[in-house]
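Subject: Structure handover

Hello,

Here is the structure I promised to pass on. Please open it alongside this note. My findings follow below.

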Amino acid sequence: MLDIRRLQVLNAVITNGSISAAARTLGYTPSALSQQLSTLEREAGTALLERVGRGVRPTPAGLLLAEHAELLSNQLLRAEAALAELKDGRTGSLSIRYFATAGAALVPPAVAAVRRDFPGVRLSLKLTEPEDPLPSVESGETDFAIVVLPKQGRPAKNVDLFPLLDDPYRAVLPKSHLLASKEVIELADLGGEPWIAIDPLGPCLDILLGACGEAGFTPEFAVECEDYATAQGFIAAGLGVMLIPELGLGSPHPGVVVRPVVRPDVVRCIHAAVAWHARGLPVVRHLVDGLRAASVRPGTTR
């Protein structure tokens, strides 16, 4: 097989008109270049140069290989540039998984910034709710995910976790409820109430059930629905109560009241989970920064 470096030497000799001139250009001795050319001629099985006075000129075979050497050198430069862009995170792909309330509040502005500043990176976005996307990041199947963790956290393998936002839960009650006049609701006061549910499984339900257990009861779910907006409609109709994280509240239904809840304080901690193979990419750091910026609520500081 022909060696690209020897082809480049041949091209340099032809361009400079002599072995000695090419040696000065390339920083080699004439004897080293002559050895390279002799090896290349053996590989090609034919003469590539012929002497003319003090210089050389290419044979038809030498001219052919020199033309291909130029093409290969240019292609190699393009390959090196493409590799550098890939290593710098300027090209390639990034798989992102998120849950619904984060998708509505945090993801759009952060992704828009990435697409503006890293246009060569292909983004694959997918809603994973109600499944927890953290296991797919741990396995390397997913590059990046927005995940919900309990306040005390949980171990994660092969993953870097970046805190984004502590999202407190609020008690949501019908306006006609006896507790609606209170400024703050103790979670135990909701122990005998029918509850509205939207999380059939997953970390958010685990946080809710853990808090209720700490308050001394297990909630009895009277209605199941698909999202927080629908849940507020059921609450307004007097069919139950619920804890909803602030990110999920949106514009509260006119028929409900929203109150802080204590004893215990119920909080879901939202993190960016990054697979180890992707943690060094500038595009990932850019995405984390964008998510953190989007998570800052008016009137708050970080």
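In which loop does Pro264 lie? Pro264 sits in the loop between β11 (256-262) and β12 (267-275). The peptide bond that joins Arg263 and Pro264 is cis. Its omega is about 5°.

A word on the source before the rest. This is a predicted model. The average pLDDT of the chain is 88. A score of at least 70 is reached by 94% of the residues. Take care with residues 298-302, where the pLDDT is below 50. That stretch has five contacts in the model beyond near neighbours in sequence. Where pLDDT is low, predicted coordinates should not be read in detail.

Another backbone point concerns Asn158. Asn158 is not a glycine, yet its phi is positive, at about 60°. You will find Asn158 in the loop between β5 (144-149) and β6 (159-174).

Next, a helix pair. Helix α1 covers residues 4-16 and helix α2 covers residues 19-26. Their axes come within 8 Å and cross at roughly 115°. The crossing of α1 past α2 is right-handed. On the α1 side, Val9, Ala12, Val13 and Asn16 make the contact. On the α2 side, the contact is made by Ile19, Ala21, Ala22, Thr25 and Leu26. Sorted by class, this contact has seven nonpolar and two polar residues, and no charged ones.

Now the pockets.

The largest pocket has a volume of about 430 Å³. It is lined by 20 residues. Nearest the centre of the largest pocket lie Glu129, Ile198, Glu226, Asp227 and Tyr228. Helices contribute to this lining: α5 (100-105), α9 (228-236) and α10 (246-249) each supply at least two residues. The lining of the largest pocket has 10 nonpolar, four polar and six charged residues.

The second largest pocket has a volume of about 240 Å³. Its lining is made up of 16 residues. Pro150, Lys151, Gln152, Ile207 and Val267 lie nearest the centre of this second pocket. Which helix gives the largest share of the lining of the second largest pocket? That is helix α8 (residues 203-215), with six residues. By class, the lining of the second largest pocket has eight nonpolar, two polar and six charged residues.

Best wishes

Terms used: Residues numbered from 1 in each chain as written. Predicted model: local features only at pLDDT ≥ 70, side-chain atom pairs only at ≥ 80, totals over all residues. Heavy atoms only, no water. Axes fitted to C-alpha atoms, helices over the stretch in contact; angles between N-to-C directions. Helix = DSSP H or I, 4+ residues; strand = E, 2+ residues; numbered from the N terminus. Left-handed = near helix turned anticlockwise from the far one by under 90°. Contact = heavy atoms within 4.5 Å. Nonpolar A, V, L, I, M, F, W, Y, C, P; charged D, E, K, R; others polar. 1 Å grid on protein atoms, 1.4 Å probe; cavity = no way out; pocket = protein on both sides within 12 Å on 5 of 7 lines; lining within 4 Å. Points joined across faces, edges and corners; volume = space filled by probe spheres on them. pLDDT = per-residue confidence, 0-100.
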